[in-house]
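Trainee: I am new to this structure and would like to learn how to read it, feature by feature. Could we look at it together?

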Amino acid sequence: MKIADLVSMLTAEGAPMRFTAYDGSSFGSADSEITLELVNERGLRYLATAPGDLGLARAYVQGDLLLHGAHPGDPYDALQCLGSWRFRRPTPKEAGVLMRELGWRNLVPPEPPAQEALPRWRRVVEGLRHSRDRDAQAIGKHYDVSNEFYEKVLGPSMAYTCAVFPKPDASLEEAQEEKFDLVARKLGLEPGMRLLDVGCGWGGMARHAASHYGVQVVGVTLSAAQARWGAAAVERDGLSGQVQILHSDYRDAPGSDYDAISSIGLMEHVGVGNYPAYFAFLKGKLRDGGRLLNHCITRPDNKQDPMPGHFIDRYVFPDGELTGSGRIITEAQNAGLEVRHEENLREHYALTLKHWCENLVRNWDACVADVGEPTARIWGLYMAGSRLGFETNGVQLHQVLAVKTSSSGDARFPLRPTWGS
């Protein structure tokens, strides 16, 4: 049998795109705008030995599986099409045919791409999940890729978190500025206050709070590359007297009695089992009446397994975990914090990812020169796929605002929110 015949056997309905293989076979409409091309035998072995998104990702990252009709920096349209492809389980008889036709050689997995993280069970030798050492390795895997690469993808803000679009046609920079300002307004920042920014990234929130609200800021990040870039940006902006960017685990953040804490895009790396300790630690850093703004990606419910899919876990966020906003609010409350406000910004993240993919496409050659084509392909694939996830409510983005009340119950909070829409 030809390869396309095997694919056809496993397809429940008609293929939504054209499929071609290196043996000259094809399947699907010749008029399709999107074509999936299997280039070589190694690609077939990836697909046969790691079914699902991991096998597809391995072959795609290595260039053994190509998407024609979509730019690798933004394969959004192709992923939409691919997502509608319905496969079925083969019958026992069909499974026997598949194994015979594939041959034993094609059932031996090739070496995975160099960009792939070890499977979860192998990472045990690197320490318990979410220990300090293992978290540092996981963060470095993703964030220490190349500051120059991130500058090209994220733009001048160097904000790698969901922006807030004041209007649909706002620029990415306007939207990131609005995100930082919304966080500052929710935290009630005023001149002379002290802000702790955990998981501070490249220091965007810290610099915004210092320059626009006159606060003193300590920012901490586990990424050495982020810390270097952020410290240089602080000095460049003339904020050295107000902002410190530290290369540190958030659990080692210095100081106490902060007026406010911002946590933007950190909680995805904390681990659901560590939420009680996370909120207890941050509560202990606040003064009475101090506010915590937690901004993170969530599941649309509280029932799903917090572990991500194989592609995200191996190529994007090793050890990352997501749960629903209800679990986050519950754990914040159980730690003794009073939740005062929450909102879902998932459509804003879809727009943010659209802009990041556009930047990657615009700067594709330079990005490939920075990090290599396999890594650039990974980022295009995951950002376009994530955009689809936010658009279809597969994932969400929630901001939860909580307060450390005094023993008498005083939250030092206004009767109604003061930060506007």
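Trainee: Which residue in E11 is the bridge partner of Asn344?

Mentor: Before that, a word on the model: this is a predicted model, in which local features need pLDDT of at least 70, side-chain atom pairs count only at pLDDT 80 or more, and totals for chains, interfaces and linings use all residues. Residues are numbered from 1 along each chain as its sequence is written, and side-chain values use heavy atoms, with hydrogens and water left out. As a general idea, the strands of a sheet pair through backbone hydrogen bonds, either parallel or antiparallel. Helices (H or I, at least four residues) and strands (E, at least two) are DSSP runs numbered from the N terminus, and two strands pair if DSSP finds at least two bridges between them. In this structure, the bridge partner of Asn344 in E11 is His398, and six bridges join strand E10 (residues 338-344) to E11 in an antiparallel arrangement.

Trainee: Which strand do eight bridges join to E11?

Mentor: That strand is E9 (residues 286-298), and it runs antiparallel to E11. Along this pairing, Leu293 stands opposite Leu401, and His295 stands opposite Gln399.

Trainee: What is the order of the strands in the open sheet of seven?

Mentor: The order is E7-E6-E5-E8-E9-E11-E10, with mixed pairing. Strand E7 (243-247) and E10 stand at the edges with a single partner strand each, so one side of each is left without a neighbour in the sheet. The twist averages 15° from one strand to the next, where axes are lines fitted to C-alpha atoms, for helices over the stretch in contact, and angles run from 0 to 180 degrees between N-to-C directions. Helix H12 (residues 275-285) packs on this sheet, touching strand E5 (194-198), strand E8 (258-264) and E9, and the direction of H12 makes about 145° with that of E9; contact here means heavy atoms within 4.5 Å.

Trainee: What is the order of the strands in the open sheet of four?

Mentor: That sheet has the order E2-E1-E3-E4, again with mixed pairing. Strand E1 (residues 18-21) runs parallel to strand E3 (residues 35-38), to which four bridges join it, whereas E1 and strand E2 (residues 26-27) pair in the antiparallel sense over two bridges. Thr20 shows both pairings, with Glu37 as its bridge partner in E3 and Ser26 as its bridge partner in E2. E1 and E2 form a hairpin with four residues between them, and Gly24 in the turn has a positive phi of about 90°.

Trainee: How many residues does the largest nonpolar core have?

Mentor: A nonpolar core is a set of buried Ala, Val, Leu, Ile, Met, Phe, Trp, Tyr and Cys residues joined through side-chain atoms within 4.5 Å. The largest one here has 105 residues, and those with the most contacts inside it include Phe19, Trp356 and Trp379. Helix H17 (residues 373-391) gives the largest share of this core, nine residues. A second, separate core of 26 residues includes Val218, Phe279, Leu286 and Ala335.

Trainee: How many salt bridges does a search of the whole structure find?

Mentor: A salt bridge is a side-chain nitrogen of Lys or Arg within 4 Å of a carboxyl oxygen of Asp or Glu, and the search finds 17 of them. In one of these, Lys186 pairs with Glu343, the closest N and O atoms being 2.6 Å apart. This pair links distant parts of the chain, with Lys186 in helix H9 (residues 172-186) and Glu343 in strand E10, 157 residues apart. Lys186 is buried, with a relative accessible area of 0%, whereas Glu343 is partly exposed at 23%.

Conventions:
Buried < 20%, exposed > 50% of the residue type's maximum accessible area, 1.4 Å probe, protein only.
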